[in-house]
Amino acid sequence: MTMLLTMDNTNVWLNDRSFKKLLKQTIEEVVVNKLASVTKKQEELELESEKLRGEIHELNVDLAKLQQTVAHLQTDRSVLYERDFTNRVNITDLQQYTRRNCLLISGIAETAERRDQDGKLLPEDTDKVLINFAKENLDIELKPEDIDRTHRVSKNKRRDGKPRALIAKLTRYNTRDKLIRARQKLKGTHKGIQELLCKTKQDLLNRAKDMVTKVPRARAAWSWDGVIYVTIHDTVRPVRHVIRAKWDIDNLINLYGEVPDVDVS
């Protein structure tokens, strides 16, 4: 009964013209206010969007400047890196040049110990050892004035009993060149002559020799006048490569391939 009365009352209100007018005005006011709020919010969003677009533009400008700065810095870095590499190579070459007249001779037996009248141990006459070695093994007559100085590699003898290598500095490059060119006569004698390389050059040569065992096309690695060379058998003929730094060796490995390690376990 109550529901019926309520529904009747509602129908009465809906049929009332003044109520309809009031309801219409109320709805219009709500819609207008809502539209005004939405419009205001839209304007605020547009202003915020415009502000963000301005900030993005400024960031893009700053980014372009930073990218340009980075490009300049990378160029400067490359120049400095190249200059540093050149300086290092020049320093190494200068170090090697000071050893230009030097040779490292291995396999020469050490002479028996000698003592003076007081029983004091006398040093080995390595100049005489070199002169005898050159005459007996290379058919080269050396004179005392051809030798600047000679000495064994270490003060202490080797524990395995093998003779210590002999370092010889000749007074003239021509004499040194004559000795090293005659080293082929030592083949099969367990004796050898090689250039006395500075540590950087020696490490580079050792690395190059190790590469020869891993790259099928590599044939030999050696030094001449302080320059490291590697011979690679190309598709047509052997090609000699100059090795100035370790990445030269890495480039050859990448270019010609490396034999993978075989697990024999």
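I began with a term I needed: a polar contact is a pair of N or O atoms within 3.5 Å, where one must be able to donate a hydrogen and the other to accept it. I also noted that this is a predicted model.

**Entry 1: Arg152**

I found Arg152 in strand E4, residues 147-152. Is Arg152 buried or exposed? I read a relative accessibility of 7%, and buried means under 20%, so Arg152 counts as buried.

Next I looked up its polar contacts. A polar side-chain atom of Arg152 lies 2.6 Å from the backbone oxygen of Arg164. The side chain of Arg152 also reaches the backbone oxygen of Ile108, at 3.1 Å. I then checked the contacts of Arg152, leaving out residues up to four places away in sequence. Among them are Glu110, Glu124, Thr126 and Val129.

**Entry 2: the sheet**

I traced an open sheet of 4 strands, in the order E4-E5-E1-E6, with antiparallel pairing. Which strands stand at the edges? They are E4 and E6. Each has a single partner strand, so one side of each has no neighbour in the sheet. From one strand to the next, the twist averages 20 degrees.

I looked at one pairing in detail. E1 and E5 pair in the antiparallel sense over 4 bridges. Leu104 stands opposite Ile167 in E5.

Then I turned to the helix beside these strands. H4 packs on the sheet and touches E1, E5 and E6. The direction of H4 makes about 135 degrees with that of E6.

**Entry 3: helix H4**

H4 covers residues 173-181. I listed its buried residues: Tyr173, Thr175, Arg176, Asp177, Leu179 and Ile180. What do they pack against? I noted strands E1, E5, E6 and E7, together with helix H3 (126-138).

Tyr173 came up again when I searched for charges over rings. The charged end of Arg100 sits over the Tyr173 ring, 3.9 Å from its centre.

**Entry 4: aromatic pairs**

How many aromatic pairs does the structure hold? I found 3.

I took Tyr81 and Trp247 to start. Their ring centres are 6.4 Å apart and their planes stand at 40 degrees, so the pair is tilted. This pair links distant parts of the chain, with Tyr81 in helix H2 and Trp247 in helix H6, 166 residues apart. I checked accessibility for both. Tyr81 has 46% and counts as partly exposed. Trp247 has 33% and also counts as partly exposed.

Then I moved to Trp222 and Tyr229. Their ring centres lie 5.4 Å apart, with planes at 25 degrees, so this pair is stacked; planes under 30 degrees apart count that way. Trp222 is partly exposed, at 27%. Tyr229 is buried, at 14%. Arg240 lies over the face of Tyr229, 4.7 Å from the ring centre.

I also looked for a cluster. Tyr81, Phe85 and Trp247 form one aromatic cluster.

**Entry 5: Arg237**

I ended with another arginine. Where is Arg237 found? Arg237 is in the loop between strand E8 (227-233) and strand E9 (238-243). Its relative accessible area is 54%, so Arg237 is exposed. I checked a distance to Asp76, which is 161 residues away along the chain. The C-alpha atoms of Arg237 and Asp76 are separated by 40 Å.

How values were computed:
Residues are numbered from 1 along each chain as its sequence is written. This is a predicted model: local features need pLDDT of at least 70, side-chain atom pairs count only at pLDDT 80 or more; totals for chains, interfaces and linings use all residues. Side-chain values use heavy atoms; hydrogens and water are left out. Rings of Phe, Tyr and Trp (its six-membered ring) pair if their centres lie within 6.5 Å; planes under 30 degrees apart count as stacked, over 60 as edge-to-face and the rest as tilted. Helices (H or I, at least four residues) and strands (E, at least two) are DSSP runs, numbered from the N terminus. Buried means under 20% relative accessible area, exposed over 50%, partly exposed in between (1.4 Å probe, protein chains only). A charge sits over a ring if NZ of Lys or CZ of Arg is within 6 Å of the ring centre and within 35 degrees of the ring normal. Contact means heavy atoms within 4.5 Å. Two strands pair if DSSP finds at least two bridges between them. Axes are lines fitted to C-alpha atoms, for helices over the stretch in contact, and angles run from 0 to 180 degrees between N-to-C directions.
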